[in-house]
Amino acid sequence: GDKFITGSYDRTCKVWDTNSGKQLLSLDGHQNVVYAIAFNNPYGTQIATGSFDKTCRIWDSQTGECLHQLKDGHSMEIVTLAFNPQSTLIATGSMDYTGIVWDLNTGKEVYSLIGHAGEIVATNFNLQGNLIITGSFDDTCKMWDLRSGQVAHTFSGHIAEVSNCQFDFNGEHVLTSSIDYTCKLWSVKGGKCMHTFRGAEDEVLDATFNSSGSRIASASSDGV
């Protein structure tokens, strides 16, 4: 937690010292808005930036060197990305309705995740790194098996866009939040909805598990 990063409409990502608030690095090279950013935690050795210029860049977090430019994959803006926990893969999601899984050693595409009928705005790996979920404006969340690159489950039930999706720590459940004012809890094994959380009075923009997976928190446009 000694560093944090910000992405900006000025086309850069900046690395900051958490304690002092001083800028450590400026990661320059994108040709459009830097919209999605992430560290490869828990290692913290690399930073990923996804941009409206349709590319993702991988940077050395100490030196600011660009290690890979992941391009020629998406045809529209990249709006979400995630490292796998092993820091060997990165997934990007785009307004072009597709996700792509990339190899961090080679910078090459491993799988194209094709099947959504709307923009992919959220993506996350499970802890084991063998499954990935994608949340979309087509009102669904899909779970993909990374051994084959194929869809394992499509979580259907929301009546408006999915805003975020996450695995719990054990990888047994998936949580989705939606513009339809609800969150839903899904079984990874069976692909079924186990519970719908209601109570928000406006769009639910985000949701997350606690560390044990026993509770969830959600954030809504209703201010709660």
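A residue is called buried when its relative accessible area is under 20%, exposed when it is over 50%, and partly exposed in between, using a 1.4 Å probe and protein chains only. The model described here is predicted: local features need pLDDT of at least 70, side-chain atom pairs count only at pLDDT 80 or more, and totals for chains, interfaces and linings use all residues. Residues are numbered from 1 along each chain as its sequence is written, and side-chain values use heavy atoms, with hydrogens and water left out.

**Overall form**

- The protein has 21 strands and zero helices; both are DSSP runs numbered from the N terminus, a helix (H or I) having at least four residues and a strand (E) at least two.
- Its radius of gyration is 17 Å, close to the 17 Å given by the globule rule for 224 residues, so the protein is as compact as a globular protein of that length. This radius is taken over C-alpha atoms, and the rule is 2.2 Å times the number of residues to the power 0.38.
- The C-alpha trace spans about 45 × 40 × 30 Å along its principal axes.
- Of the 224 residues, 49% count as buried.

**Aromatic pairs**

- Searching the whole structure gives three aromatic pairs. Rings of Phe, Tyr and Trp (its six-membered ring) pair if their centres lie within 6.5 Å; planes under 30 degrees apart count as stacked, over 60 as edge-to-face and the rest as tilted.
- One of the pairs joins F4 and W16, and it is stacked because the ring centres are 6.4 Å apart and the planes meet at 15°.
- F4 belongs to strand β1 (residues 3-7) and W16 to strand β2 (residues 13-17), so this pair ties together parts that are twelve residues apart in sequence.
- Another pair, F155 with W186, is tilted, at 5.2 Å centre to centre and 35° between the planes.
- This second pair links distant parts of the chain, since F155 is in strand β15 (residues 150-156) and W186 in strand β18 (residues 183-187), 31 residues apart.
- F155 is buried, with a relative accessible area of 1%.

- H153 is found in strand β15 and is buried, at 19% relative accessible area.
- Beyond its neighbours within four places in sequence, H153 is in contact (heavy atoms within 4.5 Å) with residues including C141, M143, V188 and G190.
- The H153 side chain reaches the backbone oxygen of V188 at 3.1 Å.

**Salt bridge**

- The whole structure holds one salt bridge, meaning a side-chain nitrogen of Lys or Arg within 4 Å of a carboxyl oxygen of Asp or Glu.
- R147 forms a salt bridge with D145, the closest N and O atoms being 2.7 Å apart.
- R147 counts as exposed at 66% relative accessibility, whereas D145 counts as buried at 15%.

**Nonpolar cores**

- A nonpolar core is a set of buried Ala, Val, Leu, Ile, Met, Phe, Trp, Tyr and Cys residues joined through side-chain atoms within 4.5 Å.
- The largest has 13 residues, and those touching the most other members include A48, C56, L81 and F83.
- Strands β4 (34-39), β6 (56-60), β8 (78-83) and β10 (99-103) each give two or more residues to this core, and β8 gives the most, with three.
- Another core, of eleven residues, lies apart from it, and M143, F155, C165 and V174 are among its members.

How values were computed
A polar contact is a pair of N or O atoms within 3.5 Å; within protein, one must be able to donate a hydrogen and the other to accept it, and residues adjacent in sequence count only if both atoms are side-chain atoms.
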